[in-house]
Amino acid sequence: MDETQNNRTSLVKGAKDIAKEAKRHAAKNFSKAVDRASDEYSSHRSYNRFQNEDEEENNYNNYTQQDGHYAGNAANDEDGASSDATEGHDDEDEIYEGEYQGVPSYNDGKPREGQVAVGQPVSDSLKSRKELENERQADEEELAQQYELIMQECGHGRFQWQLFFVLGLALMSDGVEVFVVGFVLPSAETDMCVPNSGAGWLGSIVYLGMMFGAFFWGGLSDKLGRKQCLLISMSVNGFFAFLSSFVQGYSMFLLCRMVSGFGIGGAVPIVFSYFAEVLAREKRGEHLSWLCMFWMIGGIYASAMAWAIIPHYGWSFSMGSAYQFHSWRVFVVVCALPCVSAVVALTFMPESPRFFLEMGKHDEAWMVLKHIHDTNMRARGEPERVFTVNRIKTPKQLDELVEMQNESANPALKVLFKIKAELRGIWLTFMRCFNYPVKDNTVKLAAVWFTLSFGYYGLSVWFPDVIKHLQADEYASRVKIHNNERIEDFTFNFTLENQIHRNGVFLNDRFISMKFKTVTFIDSSFLNCYFEDVSSVGSFFKNCTFVDSFFYNTDIDDSKLINSSLINSSFHHNKTGCQMTFDDDYSAYWVYFVNFLGTLAVLPGNIVSALLMDKIGRLSMLGGSMVLSGISCFFLWFGTSESMMIFMLCLYNGLSISAWNSLDVVTTELYPTDRRGTGFGFCNAMCKLAAVLGNLIFGSLVGITKAIPILLASAVLVGGGLVGLRLPDTRANVLM
């Protein structure tokens, strides 16, 4: 009887186990069927295809087989399966939809076979370096597709527009830096008494600083991050730009402007890389083109401030003769404000999530992407929308051979070792820009950047100088010539301008509180004359004789007395330094106004390129704009007046701006994320090198001939445009 009862109990227990197991399998199969149906319904946002079926199977098999029976926890016995978000929670602890659930664990905290844990370098001794690089390449391609879907889910809204204006301030600072050089150059060289041999160095030294800065900061942004490098580079620019307004020596001023240019050199490559990595494919071309408009705004800002500040020489103060702060220094301080504003605003923005993923920092990238999603959804009035992404592919992290440093080493040596390691990393990344498949693209892009910049910056120098040359010719044609005059007992207390006095005799005359502007005395005599508080610019005394004359508080010195003789004459309290005294300088106003018009002329081109960038394609716009710009150069033959040259300047700028915008977009999209900053920085460095050569070559041809500048600019622009048409089309590409 007992044996029969035991057998019946065993049968009942076995039946219960079988029923329980059947229930568990039924629940599991039902959940999988629901997941598949949900994936088919929303296939355009399917992220589960980036997970293996084995991983999904393992998420549900939380039981183990022991002695022929299946044992599991109570929750699994009842529910059979649980989602990733709620696994391990009781019904009372279950998190409701829409509540913040924290950063999801990547692969349940355990690396799968053949995959690295997040943020950990690969150390698979069984695989060759080539195999690991191939695996990383496959991971990057998979991530590129998934990242595009994620950005589509995040949408385009408030976050992108906030970052747009912040990065726009940084790009505006780059435009201001370029224009500051041309506006400050004449005043700075005059104020600091720069000889003709040193004139022109300011423009070249700033571009050289920008060239090295573009390469350095662009490469460093691929190692340390977009935001961090942009913050440091902009801070360097702002500090040394501000400092340059106070230094008195020309050599120190050159050094400060060079370091300032080195800092701002990182703006262009980092800004476009940063912004492109938070844009979906269908928005990228248009909004990167809109971002280019801030460079134009920087030029307009610099032109307007120069027109409003520099000609007002009364806006200055001095502390003795050793320290003078003229109006052009005020202009330099004002031009540093956009950079300071960009640094402050950038501190509130997050790092690029695409960069985080490239570095294997899954959790940090997920947090930034969730912030982007939530910011945009709140702005749309849909705060209940949940960020559905829980796992993002991260590329395999490869080991790098790093030289170990002794921890007890000198701190200075540690810093030098760190710098050496970063520079070596930048160089290695740069060399990878010449590996297949981006080698051909790098060479073509460098050629296009060089030719476009050579033509643009060369003509940008040539146009204003030609206009100045035409103005000088017109000014010289209006000169007043006085021959054999004799003036006695007369007081000059007004300005003498644009005059030539030959064989004149000045007897018992008084020159008090007056100004000489472009006045030349030739073979003239000054007998018993009195000079007090006299200022002169562009004025000289050639082969003149001074007898019993007295000079007090004047700027007349040996440099202005050419082959002249002084008999019983004396100088007292002479003005030291170079004087900037004229309150109304028409030529200065005119130069700033011309640059303002030339910068404003790019506005239509900016609008057209932004609206058509994704419609007609980047390459068509790049090649077409460069070819049309080259053709427009031939109209310079007809530039025989100021108004005609200004019109040519506006036409050229309006046609060439589309090429600049499309080139920025193409360069950003052609390089993969791990080389984007380095590749863009190298291309931008070639741009600045071409600017230096263009300034030197075109500047030396002013007033000599028109044929060479016109033919040279046309040839390089048309040739660069044809090379640009050979680049691959990136309109349909996802960011690698």
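The questions and answers below walk through parts of this predicted model.

Residues are numbered from 1 along each chain as its sequence is written. In this predicted model, local features need pLDDT of at least 70, side-chain atom pairs count only at pLDDT 80 or more, and totals for chains, interfaces and linings use all residues, while side-chain values use heavy atoms, with hydrogens and water left out.

Student: What is the phi of Asp 523?
Tutor: Most residues other than glycine have a negative phi. Asp 523 is not a glycine, yet its phi is positive. The value is near 55°.

Student: Is Asp 523 buried, partly exposed or exposed?
Tutor: Buried means under 20% relative accessible area, exposed means over 50%, and partly exposed lies in between (1.4 Å probe, protein chains only). Asp 523 has 39% relative accessibility. Therefore Asp 523 counts as partly exposed.

Student: Which strand holds Asp 533, and what is its phi?
Tutor: Asp 533 lies in strand β12 (residues 530-537). Its relative accessibility is 31%, so Asp 533 counts as partly exposed. Asp 533 is not a glycine, but its phi is positive, at about 50°.

Student: How many bridges join β10 to β12?
Tutor: Two strands pair if DSSP finds at least two bridges between them. β10 and β12 run parallel. One of the partners is Phe 511, which meets Phe 531 in β12. The number of bridges joining β10 to β12 is seven.

Student: Which residue in β10 stands opposite Arg 502?
Tutor: Look at strand β8 (residues 495-502), which runs parallel to β10. Seven bridges join β8 to β10. Opposite Arg 502 stands Ile 522.

Student: Which residue in β13 is the bridge partner of Phe 521?
Tutor: Strand β13 (residues 540-542) runs parallel to β10. Three bridges join them. The partner of Phe 521 is Phe 541.

Student: Which element gives the largest share of the lining of the second largest cavity?
Tutor: Lining residues have an atom within 4 Å of a point. Here they include Ser 173, Arg 257 and Cys 339. The elements giving two or more residues are α5 (158-191), α7 (226-244) and α11 (327-335). The largest share, four residues, comes from α5.

Student: What span does helix α19 reach from its first C-alpha to its last?
Tutor: The expected span of a helix is 1.5 Å times one less than its number of residues. Helix α19 (residues 618-632) has 15 residues, and 21 Å is expected. Its reach is close to that, at 21 Å.

Student: How far apart in space are Leu 651 and Phe 635, C-alpha to C-alpha?
Tutor: Leu 651 is found in helix α20 (residues 642-670). Leu 651 is partly exposed because its relative accessible area is 28%. Leu 651 and Phe 635 are 16 residues apart in sequence. In space, C-alpha to C-alpha, they are apart by 9.9 Å.

Notes. On a 1 Å grid over the protein atoms alone, a cavity is a set of points where a 1.4 Å probe fits but cannot get out, and a pocket is an open set with protein on both sides within 12 Å along at least five of seven lines; lining residues have an atom within 4 Å of a point.
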